[in-house]
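Hi everyone, thanks for coming. I have one structure to walk you through today, so let me put it on the screen.

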2 protein chains.
Amino acid sequence: MLHAGRLEVRPAESVALADGRVLALSVREFRLLVELARRGERIVSREQLYAVAWDASMRAGDRSVDVYVHKLRDKLETALPDWRFIHTHVGFGYRFSPEPSHPFHTAATGR
Amino acid sequence: MLHAGRLEVRPAESVALADGRVLALSVREFRLLVELARRGERIVSREQLYAVAWDASMRAGDRSVDVYVHKLRDKLETALPDWRFIHTHVGFGYRFSPEPSHPFHTAATGR
DNA sequence: ACAGCTCTTTCACATCGCCTTCACGCCCGG
DNA sequence: CCGGGCGTGAAGGCGATGTGAAAGAGCTGT
C-alpha cells in the first residue's frame with residue numbers, strides 16, 4: 001500500500017483513495033499511477049512507464065503516456081485541488097511526488 | 001449485521017431491510033448483496049463475486065453477475081430511489097457504497 | 001405426473017466508456 | 001524562424017457493461 005500525502009494507492013485492491021474517497025480510474029490510469037507512485041521520487045522515462053503499465057514496448061512517437069498522464073492529472077486535480085503529484089522533466093520523463101500547488105500561498109494573495 | 005445508510009443486511013437471518021421494510025430477494029440476489037456489502041468500499045471483481053455467491057468458478061464470458069447486479073439495482077432503486085449502492089468500475093468489477101443519486105458535485109469519485 | 005409458479009441462465013441488442021490516434025498550440029533552445 | 005518536446009482537446013473504433021426477453025431448471029401442491 002502506497003501513501004502520498006492525502007493520496008493512497010492500493011495495488012492489491014485495484015483502488016486509489018483521495019482523502020478516503022475512491023477515485024474512478026480506468027485500468028490504464030490506475031496502472032500508470034501505481035508505477036509512478038511505486039518509483040517514489042525518481043524520474044521515470046516514458047519508455048519505462050509504457051513497458052510496465054502497458055506490458056509492451058513503446059513505439060517511437062507514441063504519445064499514450066503523455067495522454068494518460070494528462071488524464072491522471074485531471075482526476076487528481078479534481079480530487080485534491082491543492083496538490084500536484086506528477087511532475088514533468090523535459091527530455092527525461094515524469095516524476096511522482098506530492099507537492100502543494102501554491103507553496104508560497106498566504107491569505108491576502110488572491111485575485 | 002451490515003449497515004449501509006438506510007439499508008440493513010442481516011446475513012444470519014437471510015434478510016435485507018430498507019427503512020425497516022423487508023426486501024423480496026431471491027437466494028442469488030441476497031448472497032450477491034451480502035458479498036458486495038461485506039467488502040465495504042473495496043472493488044470486487046466479477047470472478048470473486050461469482051466464486052463466493054455461486055460457490056463455483058466463473059466461466060469466461062459468463063454474464064450472470066452483470067444480470068444479477070442489474071436485478072439488485074432494480075430492487076434497491078425501487079426501495080430507496082435516491083440512493084445508489086452498487087457502482088461499476090470498468091475493467092475491475094463492482095463496488096458497494098451508499099451514495100446519494102444526485103451528488104452535489106464531489107470529486108472524480110466513483111460513478 | 002402434471003400444472004403453475006419462481007428462480008436462474010442464456011441470448012441479442014443497445015449503450016457506454018476506454019483507448020488510440022490525430023491535430024493543433026505553446027514554449028524554448030538553436 | 002525552425003524543430004523538438006510537451007499539453008490538451010476531440011474523433012473513431014471497439015470492448016465492456018446495461019438491459020429486456022426468452023429459454024431452461026427447479027419447486028410446490030394436487
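**Confidence, sheets, helices and DNA**

Let's begin with confidence: in chain A the mean pLDDT is 91, and 92% of the residues score at least 70. Keep that in mind throughout, since this is a predicted model. Looking element by element in chain A, helix 1 has the highest mean pLDDT, at 98, while strand 1 has the lowest, at 94. The part to treat separately is residues 105-111 of chain A, where the pLDDT is below 50. Beyond near neighbours in sequence, that stretch makes 0 contacts in the model.

Now to the sheets, beginning with chain A. Here you can see an open sheet of 4 strands in the order 1-2-3-4, with antiparallel pairing. Which strands stand at the edges? They are strand 1 (2-4) and strand 4 (21-22) of chain A, and each has a single partner strand, so one side of each is left without a neighbour in the sheet. Strand 1 of chain A is joined to strand 2 of chain A, residues 7-10, by 3 bridges, and the two run antiparallel. If you want a pair to click on, take Leu2(A), whose bridge partner in strand 2 of chain A is Val9(A).

Let's move over to chain B. Strand 2 (residues 7-10) and strand 3 (residues 15-18) of chain B are antiparallel and share 4 bridges. One of the bridge pairs to look at is Arg10(B) with Val15(B), the latter in strand 3 of chain B. These two strands form a hairpin with 4 residues between them, and in the turn Ser14(B) has a positive phi of about 50 degrees.

The next hairpin in chain B is made by strand 3 and strand 4, with 2 residues between them. Its turn holds Asp19(B), which also has a positive phi, of about 55 degrees. The pairing of strand 3 with strand 4 (residues 21-22) of chain B is antiparallel, over 2 bridges. Ala18(B) finds its bridge partner in Arg21(B), in strand 4 of chain B.

Further along chain B there is an open sheet of 3 strands, in the order 5-7-6 and again with antiparallel pairing. At its edges are strand 5 (43-44) and strand 6 (83-89) of chain B, each pairing on one side only. Strand 6 of chain B pairs with strand 7 of chain B, residues 93-100, through 6 antiparallel bridges. Trp83(B) is bridged to Pro100(B) in strand 7 of chain B.

On to the helices. Two packed helices are described by the angle between their axes and the distance between the axes. In chain A, helix 1 (residues 27-38) packs on helix 3 (residues 64-79) at an angle of about 90 degrees, and the axes are 10 Å apart. That makes helix 1 of chain A roughly perpendicular to helix 3 of chain A. Who makes the contact? From helix 1 of chain A come Arg28(A), Glu29(A), Leu32(A) and Leu33(A), and from helix 3 of chain A come Tyr68(A), Lys71(A) and Leu72(A). By class, those residues are 4 nonpolar, no polar and 3 charged.

What about the corresponding helices in chain B? The axes of helix 1 and helix 3 of chain B come within 10 Å and cross at roughly 90 degrees, and these two helices are therefore roughly perpendicular to each other. On the helix 1 side of chain B we have Arg28(B), Glu29(B), Leu32(B) and Leu33(B), meeting Tyr68(B), Lys71(B) and Leu72(B) of helix 3 of chain B. This contact divides into 4 nonpolar, no polar and 3 charged residues.

How do the two chains meet? Chain B gives 13 residues to the contact, and chain A gives 13 residues. On the chain B side, the residues touching chain A are 5 nonpolar, 4 polar and 4 charged.

Finally, the DNA. The classes near DNA strand C are 7 nonpolar, 5 polar and 8 charged.

And which residues are closest to DNA strand D? Out of 18 surrounding residues, they are Asp66(A), Thr88(A), Val90(A), Asp66(B) and Thr88(B). Helix 3 of chain A and helix 3 of chain B each supply at least two residues here. The surface near DNA strand D has 6 nonpolar, 6 polar and 6 charged residues.

Key:
Residues are numbered from 1 along each chain as its sequence is written. Chains are lettered from A and ligands numbered from 1 in the order in which they are written. This is a predicted model: local features need pLDDT of at least 70, side-chain atom pairs count only at pLDDT 80 or more; totals for chains, interfaces and linings use all residues. Axes are lines fitted to C-alpha atoms, for helices over the stretch in contact, and angles run from 0 to 180 degrees between N-to-C directions. Angles under 35 degrees count as roughly parallel, over 145 as roughly antiparallel, 65 to 115 as roughly perpendicular and the rest as oblique. Two residues are in contact if their C-beta atoms, placed from the backbone, lie within 7 Å. Ala, Val, Leu, Ile, Met, Phe, Trp, Tyr, Cys and Pro count as nonpolar, Asp, Glu, Lys and Arg as charged, and the others, Gly among them, as polar. A residue is near a molecule or strand if its C-beta atom, placed from the backbone, lies within 6 Å of it. Two strands pair if DSSP finds at least two bridges between them. pLDDT is the predictor's confidence in each residue, from 0 to 100.
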